[in-house]
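User: I would like to learn how to read a structure feature by feature. Where do we start?
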Amino acid sequence: MTCFSLFFRRKRASLPPHSVDINEDVSGIQNTNMYSYKELRMATENFSLANKIGQGGFGSVYKGRLKDGTLAAIKVLSANSRQGVREFLTEINVIADIKHENLVELYGCCVEDNHRILVYGYLENNSLAQTLLGRGHSSIQFNWHTRRDICIGIAKGLAFLHEEVQPHVVHRDIKASNILLDKDLTPIISDFGLAKLFPANETHISTRVAGTEGYLAPEYAIRGQLTRKADIYSFGVLLLEIVSGRCNTNKRLLFEEQYLLEMAWERHERGKLVELVDASLNGDYDVEEAHRYLKIALLCTQDLPKLRPSMSTVVEMLIGEIDVDKEKISKPGLLSELLGLKGDKGDMKNKSSAVSGDSSKLDHSSSSSGNITSYATMTFNSIYDRSN
């Protein structure tokens, strides 16, 4: 019997039932370092506010320095979060044994008394939501070459999860705040709390709807029908955001400019798709390549899931190995239309909170409207890292 198993036998009698369950599950996980609560408290200077770099529905994230000098992102689960306990276990089960340059690295965890903590590699340059889309919170210059590499890196990470890992992994919450950037601006997919393992022989999984409005594929948001194509839809929305430099939804803009995906389709039909490219690039970008990336985004967000390309195909399209101009693009799945919310401007304003809400608000709160439920998720760097 390992010391770890012995520890949990001794603790079993004094812990509530759900704590026993989580302890037994964690004790069976291999290849995961176990940290003491004391060690992590010291690493974060007693979880000081100055070291706090993220806040989510299930707890907080702190920057810390481990005993060996390694910087880490230390994700502390709220003691009262039953939903978070499931996500805690999911994150460990999904990523404890997989390694990829575009996936977050799990260093280990802490399960001590009622403390549930995950320890990850620290990423210096925050998330895409805070840097590229946050404006004003970052001095990083996102030139076209950098954006291109970020798009390709995210696609490679997703292709690895969808097609190389066994069983396949569907992330379920691909969005700008879950894409972190390291010191070289390499994109890292994070936050696997909502991920689902997907057996190779399954065509789809019926499950509760979880994720972030604005990135949800319509068939998943409405029917709870989950496939890898739901991640691909989310990636398409994210691709639009990276190229355009704006969030998928912005209620402060004119009515006809509030929803990025709708704007992209309208521009595509008029042959003006390249107008969506971020004006801050000042024309310093490869027009043909940017146009191709916007077309790929529309291919990924097509209404019928079977028409969306696989992630490995998306990678080939992004690097130019597949001619996108030969691909027929059908209308994207627009949730507002499917839910009957696409009406006159006054009616739309009254109902606007039901679909594609402002992601800056949805990251930290649960919302339910109609057939859509968006569950809160943890974001490593949802608060600007004041140490940078």
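Analyst: Start with how strands are assigned: helices and strands are DSSP runs, a strand having at least two E residues, numbered from the N terminus. By that rule, E112 belongs to strand β5. Keep in mind that this is a predicted model.

User: Is E112 buried, exposed or partly exposed, and why?
Analyst: The cut-offs decide: buried is under 20% relative accessible area, exposed is over 50%, and partly exposed lies in between. E112 has 25% relative accessibility, so it counts as partly exposed.

User: Which residues does E112 touch, not counting those up to four places away in sequence?
Analyst: E112 touches S36 and Y37. Now compare the backbone. E112 and Y35 are 77 residues apart along the chain, and their C-alpha atoms are separated by 8.9 Å.

User: How do I read the sheet?
Analyst: The general idea comes first. Strands of a sheet pair through backbone hydrogen bonds, either parallel or antiparallel. Here the sheet is open, with six strands in the order β1-β5-β6-β4-β3-β2 and mixed pairing. The edge strands are β1 (33-34) and β2 (52-56), and each of these pairs on one side only.

User: How many bridges join β5 to β6?
Analyst: Six bridges join them. β5 covers residues 106-112, β6 covers residues 115-121, and the two run antiparallel.

User: What about β4?
Analyst: Strand β4 has antiparallel pairing with β3 through seven bridges. It is also joined to β6, again antiparallel, by five bridges. K75 shows both sides: V61 stands opposite K75 in β4, and K75 stands opposite L118 in β6.

User: Why is β4 called largely enclosed?
Analyst: Count the buried residues. Strand β4 (residues 71-77) has seven residues and six of them are buried, so the rest of the structure largely encloses it.

User: What lies between β3 and β4?
Analyst: Five residues separate the two strands, which form a hairpin. In the turn, G69 has a positive phi of about 95 degrees.

User: Next, aromatic pairs. How are they described?
Analyst: A pair of aromatic rings is described by the distance of the centres and the angle of the planes. Searching the whole structure gives four aromatic pairs. One of them is Y37 with F47, a stacked pair, 5.6 Å centre to centre with 25 degrees between the planes. It links distant parts of the chain, 10 residues apart: Y37 is in helix α3 (residues 37-43), and F47 is in the loop between α3 and β2. Y37 and F47 are both buried.

User: Why are F47 and Y62 called edge-to-face?
Analyst: Planes over 60 degrees apart count as edge-to-face. The ring planes of F47 and Y62 are at 70 degrees, with centres 5.3 Å apart, so this pair is edge-to-face. The pair also links distant parts of the chain: F47 in the loop between α3 and β2, and Y62 in strand β3 (residues 59-65), 15 residues apart. Y62 is buried, as is F47. Y37, F47 and Y62 together form one aromatic cluster.

User: What happens at the ends of α7?
Analyst: T227 caps the N-terminal end, with a side-chain oxygen 3.0 Å from the backbone nitrogen of K229. Just after α7, G245 has a positive phi of about 75 degrees.

User: Where is N248 found, and is it buried or exposed?
Analyst: N248 is in the loop between α7 (228-244) and α8 (260-269). Its relative accessible area is 6%, so N248 is buried. Leaving aside neighbours within four places in sequence, N248 contacts G214, Y215, V237, E241, Q258, Y259 and L260.

Notes:
Residues numbered from 1 in each chain as written. Predicted model: local features only at pLDDT ≥ 70, side-chain atom pairs only at ≥ 80, totals over all residues. Heavy atoms only, no water. Pairing = 2+ DSSP bridges. Helix = DSSP H or I, 4+ residues; strand = E, 2+ residues; numbered from the N terminus. Buried < 20%, exposed > 50% of the residue type's maximum accessible area, 1.4 Å probe, protein only. Contact = heavy atoms within 4.5 Å. Phe/Tyr/Trp six-rings, centres within 6.5 Å; stacked < 30°, edge-to-face > 60°. Polar contact = N/O pair within 3.5 Å; in protein donor to acceptor, adjacent residues only side chain to side chain.
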